[in-house]
Each structure stands twice: as C-alpha cells, then as structure tokens.
Amino acid sequence: MIARLSLRFGVLAYLAAILLVPVGLVFWRTFEHGVHPAWAAVTTPDAQHAFWLTLEIAAIAVPLNTIFGVLCALAIVRHRFPGKGLLNAVVDLPLALSPVVVGLALYLLYGRNGWFDALPFQVLFATPSMVLATIFVSLPFVVREVVPVLREIGTDQEEAAATLGAGAFATFRRVTLPAIRWAIAYGVVLTTARSIGEFGAVSVVSGRISGKTETLTLLVQDKYESFDVTGAYAASVVLALIAIATLLLMTMFRPREERT
Amino acid sequence: MSRIALLSVLLAALVVPVAGARTTDTTLSLVAYSTPKAAFATIIPAFQKTSAGQGVNFTQSYGPSADQTQAIVNGLPADVVDLSLEPDMRTLVKAGIVAPSWNANKYKGIVTRSVVVIVFRSGKKIRGWNDLIKPGVQVLTPNPLTSGGARWNVLAAYGAQLKLGKTPKQAEQYLYKLFHHVVVQDKSARDALNTFLAGKGDALLTYENEALLAQRSGQPVYFNIPKATIRIDNPLATTTKSPSAAKAFARFLYTPTAQHLFAESGYRPVLTSATKGFSFPVRPQLFTVDYLGGWTKVQKKFFDPNNGLMAKIEASLGG
Amino acid sequence: MAVDAAALRAPARARAPRLGGVVGGGIVAGYLSLIVLLPLAAIAARSGNFRNAVTNREAVSALELSLVLALLVALVNAVVGTATAWVLVRDEFRGKRLVNTVIDLPFALPTIVAGLTLLALYGPRGWTGVDVAFTRTGVLLALLFVTLPFVVRTVQPVLLELDRDMEEAAASLGARPTAIFRRIVFPNLLPAILSGVALAFARAVGEFGSVVLISGNLPFKTEVASVYIFGRIQSNDAPGAAALSLVLLGISFAVLLAVGAVRRWATRHDREA
C-alpha cells in the first residue's frame, strides 16, 4: 500500500516538475502584465505573417507526408522486396537525426557551390527550403502508425474483395482505407504537431528575414533576442495552445491498445 | 479526383509566394549584424519619407556578423549589407557580391562607430581591464568565431594592454587569463547582452551602442568606457546586383537626418555634426585597428581558425 | 458449378499486390530519394577533411558530452518511464486520464518553447531559485523534458496486454511483490523498455532547439554536438560540420538498427504463430 502510494506520488511529482511547471510558466509570463500587451505582441504584422507562414508550411508538408505515408506503409506490409529493412531504417531516420544536420544538408544541396545552386527560383532562405526541412523531420509518423494496423488487419478482406472482382483502387478505397483511417488520423495529428513545432532545421535555412522567412518558432527566438520577453512568451502561448489542441486530438485518435 | 486537385493547389501555393514577389514597388533586402535593428526601425521610415525613398519597401534580417556573411555567400538575397567589421565585408568582396570599390567614399565605407565598453551590475566594482581578471569575476563575451562584437572585444582587450605599457607577450597572457573568466560564449553580441540581463555574469564586454540601447529600453544596465579601448567601425555596402534604390538608401545613411537617428540609438555618428546634443566621451587612449597592424595582420594573428591566437586560447579552455 | 477454392485463391493473391503496385512504389522511392536520401548523400559527399574535423578536441568534446548526456537521460527515462507506465496502467486515481494525456506534451510542444521556459525556470532569475543555466545540469533537464514520453509510450501497451495470471499465481505461492516484478513482469517488459530507451537516446543525442538557449555554448563545457555543428556551419566550415554530422548519423543509424532488431526479437513469437 505504502509502496503503491509512494510510487504514484513520486511519478506525479516528477511529471509535475518536468512538465507542468514549464507550461504553467509560459502562461504566467505571458499574461503577467495583462492580456493587452500579449495580444498586441501576437498581432503585429511580423507575428501574423509568422503564423500564416507556419500554417502554410504545415499545409504543404502534412498532406504530402500523409500520401507518402500510406503508400509507404502499403509497400512495407503488403509487398516483398530486397532492402525492406533498409527502407524501414531510412523512413525512421528523421526521428533520430538532429535537425541541424537536416539544415546543413539543404545548405550543401542548394547553397552556393551546392549541387543544385543554379535553380531559377530561390530555395535556400525562402519557403521552399523550409518546406523541405519540415517534410523531412515529420516524415515517419503516418507510416509508423499505419504499418502496425495494416499488419493487424491482414489481407483476408482485400483478397476477398479481389475475388469478387474489385479493382485495386476500389479495394483500397472501400476495404483498406476505412480500416486504417484512425491510424491515419493519429499520424496526421503527430505530423502536424511536428511540422508546426520545427525549429532547428528551419533555423539553419531561414535566413532570419523578419516578415518573410520567420515561422512562429523562429519568432519566439527573435522576440527573446530583441528584449521583447512578453512577445516571446506570447508567441509561445500560441504554440502551446496549438500543442494542447494536438494533445486532445491525440487522445481522441489514440490506438486502442494505449488507452488505459 | 479531388486528391489531384488538392495536390495542384498545394503546388501552386508553393510557387505563388515566389512569383508574387515581383511588384511595381522596389523591395530592398537589408542584411545586417545583430545590433542595429532598433536603429533601422527609425531610419527606414525616415528614408521612405524622402523623395528617393518613395515606394521603397524593405525586408530585414539580423544575426551574428559572420553568420550573416556566410548566409549571403550561400545565397541569402541582399541589396544593402551592414556588418560589424571590415573582414566580413572583405569576404563578400572576395565572393564577388560586393564591389572592391565599396569603401571608396570619404568615410571609407564606415557608416557608424562605437567603442568597446564594460557593462557591470551595481554592487560589484568592475571598471577596468584589470578588474576583469580578479579572482571570482565572471565575464561574458560572445564567441569570436561567430560574433563580430566578440572580435572587437578581443582586440580591445589586447590593445588596451599594449597601451598600458605591456609587451605583446604579456598582452597575450592577459587574453588567456580573460577567457578563463568567461562563463558563457553566446553566438552574437545581442545574445550575450540578453544572457547578462538574464542575470548571468558580473561583467559583459560589448558595443557602447548595445549598452545605451539596453539602458533606453529600461534595462538596469551600467557601463564604463575603459581608458584604453578600441574604436569600432561598422562597414556598409550595396551589393553588385542591387537596384539603384539601394545606392540611394546608402547615400541617405550618411545624411545628418540618418546619422542623428543612429546617434539616438546609441551609435557614434561618422558625421561629426550629428554628435551635437549627445554625450560621447572620447577616451585619451582610444585606438583603432591600425594601431594593431591593420585587419589583414590582425585576422591572421588572432582569428585564423587553425593557428590564430583565439583558436589556441579556446583549445586551452578545455579539460 | 463447383468452384476450386485453391485455384481461386491463387489469382487473388496475384492481384492483391496491385494495391500500391509499381506506380506507388515509384512514388515512394522518388519521394524518399528527394527528401531523405539526396540530403544524406550531400552530407556524405561533402564532408571533407574527415579526420581532422572529427578528431579535433572541440568536436570530440562536444560528441562526448552529447553521448554521455543522452545515455544518462536514457537511463533515467528507463526507470522513471517504466514507473510512470506502471502507475498509469496498474494504479487508479482521479485525474489519471489527464495525466495520460499530458505525457505527450513534450512531443507536441516546440523545442524552442521548451528551451525558453526551462531557461526561465532554472536560469539565474528563475522561479525555482536553482541556477543551472549554462551548465550541464541545465542541458540535462532540457533533454529529460523532450524525451519523457518515449519509454512510457513503448511500455504502456505491453503492460496493458500482460496476462496477470502468472503474477497472481506467483503471489498465491507466496512470492513478494518485488520478486514478482523482477522475475515475471520485468523480463516481459524488457524489450519495450529497450525500444523506448533507444528512441530516447537517439532523440537526445541530436536535440537542438531546447538546448540552444540554456547551454551557453561553452566549448568543452556545455557545447553539445548539435550546437557545435551549427557553429561549424556558421563559420563556413560546411565540410567539418558534415563530417561530424556523418558520425552522429552513423550513431543514430546504429541505434535505429538496434531498435529494429529488438523489436523483431520481441515480436518473434507473434510472427511464428
């Protein structure tokens, strides 16, 4: 009895210290001087642009990674081919790679003396490189969520549909997709959260052009460095609110096995 | 298939922001080191009120001087470049981005000046170079590899020792001692100031204009201009591919209006008439980089990444 | 008409692979190449002066620091993460669902925000009065924050599925709770714990956003590998940055392959079925 209570207390204390206090602090520091300064800080033209840029990048990265994720999961689970283990590792690599390395790679590809430095449009220090970086870091999530579900449901129903004369795409749309839709939804939530919160990679490739290549996360750093502490925390609150919404969505779509 | 339509829309969304950049107005890209942001916030609107500035918009980017230089070399669009020190500008000349004649005007391309100062808190008595190496004193200066301000700090510390009568060998020893007192090396001068304001360190080496800006922003900052210190010269240039509006803007920065606005942000104007009404003390043992042999010599001796003095000092900090 | 079930099944299996098929495979391969393989190739190809770049003292120090801290963090998470999963699965208390939701917060919160708040908490004028900014402890705290969910989330599903019969049998035979845990529960959890530990380690070794504000970037003292690489990029030493990135990449890759192997070993019984 005592063991159980002390374990519970210990765990909750750790979580409170490591998790809840930092987040509480973000809200406290933001509204320390009232709502108005915080509101003013997040409605400046630069802040608004940062908000829309963040959403724009996510709006490109998330659908692309979702389509790729489903196709890749199908390839991994339903097909045999040499090098599947390698494919698995490559898909998972963005999870383990430092975001700074991603930025460096883009520099080497699209910067001066890079392999593709003669493109007709601006890649580095503009939206395209930030989109590429964001796609990279948020790549694995849909794949990883769909693969176990695909494995679990097996091919029986798909084979049955095939014997009944359904074409590949119809089978996918009517049999496979409904079975994996919650896994996709969960993966999309994770992908979106990662895209919005990306900092390291976009920090390397953005060029710090305020009003043009600053996302919300870069804006937090910019404000902090310009003595605008309230602004930095206000932008953080926006991001924290998005994070909380993400948490709620994650709880809704969480795979059944992890629900306690 | 709505999915294909969605993809097309998304691809269009990627292209449109790029294409939409071409408007009838001119847009100039200003790329600068970390500290003049507040200054340009007042100067740009003033320029836009002049006839040459009508219809001219700006994008601005601020960061550590060496970082910004490398970004420009790698393709960061820049029409007007304002950096912390000349060697960074020379890197751009070497890369063909800035013309070699950038410093042919009567101010030799220098648009603002400042001096290295020691910022301290009330309480601990830290005024001069010798106070910095007293036991227990924690000093803040940025990393010389990324920050222009840090390089000015190093030269100020070294040169001050020479002015005080020490030999070059002793001045080098001073630098070793000084950096053993450094507790944080931020990326840029602005980062170092923020770290100091957050409560770290007893003394901060920085530009006078940073210290003044912090004071005017209501931060509890005190500073002292040491008797022997270096005069900071910040170079400015337009890039070779920039529109004519860029040259107009560069010219504007030397007018009394702009120089006065720089002074209000804590810089020492290069136009002497603009100093009226401001108090910029001139220290008796103020020296410039020429006193130390000029930039080429100084870059090699101090900042060569493999054999320079700073590389040796940083290596000695380990272990 | 009698239908030969076996004959029917063969063509069906031949048709099922069309799901995806060549076009899908092409898209997957092309996308992966553009997004992941091309950048990695650029790093491998452009890492010049490899030996000097990875054997100079500052690089080695940064790498060492990253590895040691990541290992520490992984170990702490192994213990605390398992304990947390245990409490969430086996214990009942009010607000448990809320706690379960909040576990994922470090995953949803951007790293720079985490860094900012950690600085505000543990910095010189922080709430807690503890000043560990610009120290290794500060970096450790930041890493503990971002890696918190990993072990919890890998252990939870296993714990949920665990059959309690053996534990109850052991208890009825007089075994003490610690012995039950040690001999029955723990071996079953071990693969999941290792999997989570590997993920936490891989994440911690490359972490940047939450560390960059609180570390102070002091060479040899608080400079981690990712910050060092960032510095190399900004000093126009792209080859040096690439060289150390390759080393970091190699370590991450090795960790991932290890995770894959652990997962395969842990689920070997499922496959044999």
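Residues are numbered from 1 along each chain as its sequence is written, while chains are lettered from A and ligands numbered from 1 in the order in which they are written. Since the model is predicted, local features need pLDDT of at least 70 and side-chain atom pairs count only at pLDDT 80 or more, whereas totals for chains, interfaces and linings use all residues.

Let's begin with chain A. Its secondary structure comes to twelve helices and one strand; here helices (H or I, at least four residues) and strands (E, at least two) are DSSP runs, numbered from the N terminus. If you follow the sequence, the pattern reads α-α-α-α-α-α-α-α-α-α-β-α-α. The C-alpha trace of chain A spans about 70 × 65 × 30 Å along its principal axes. Of its 260 residues, 56% count as buried, meaning that 20 or more other C-beta atoms, placed from the backbone, lie within 10 Å of the residue's own.

Now turn to where chain A meets chain C. The contact takes 76 residues from chain A and 81 residues from chain C, with two residues in contact if their C-beta atoms, placed from the backbone, lie within 7 Å. On the side of chain A, helix α1 (residues 2-31) gives the largest share, 14 residues. By class, this side has 51 nonpolar, 16 polar and nine charged residues. Nonpolar here covers Ala, Val, Leu, Ile, Met, Phe, Trp, Tyr, Cys and Pro; charged covers Asp, Glu, Lys and Arg; the others, Gly among them, are polar.

Finally, visit chain B, which has 13 helices and eleven strands. Its C-alpha trace spans about 70 × 50 × 40 Å along the principal axes, and buried residues make up 51% of its 319 residues. Among contacts in chain B between residues at least 6 apart in sequence, 73% join residues at least 24 apart.

Definitions and conventions. Buried ≥ 20, exposed ≤ 12 C-beta atoms within 10 Å, placed from the backbone.
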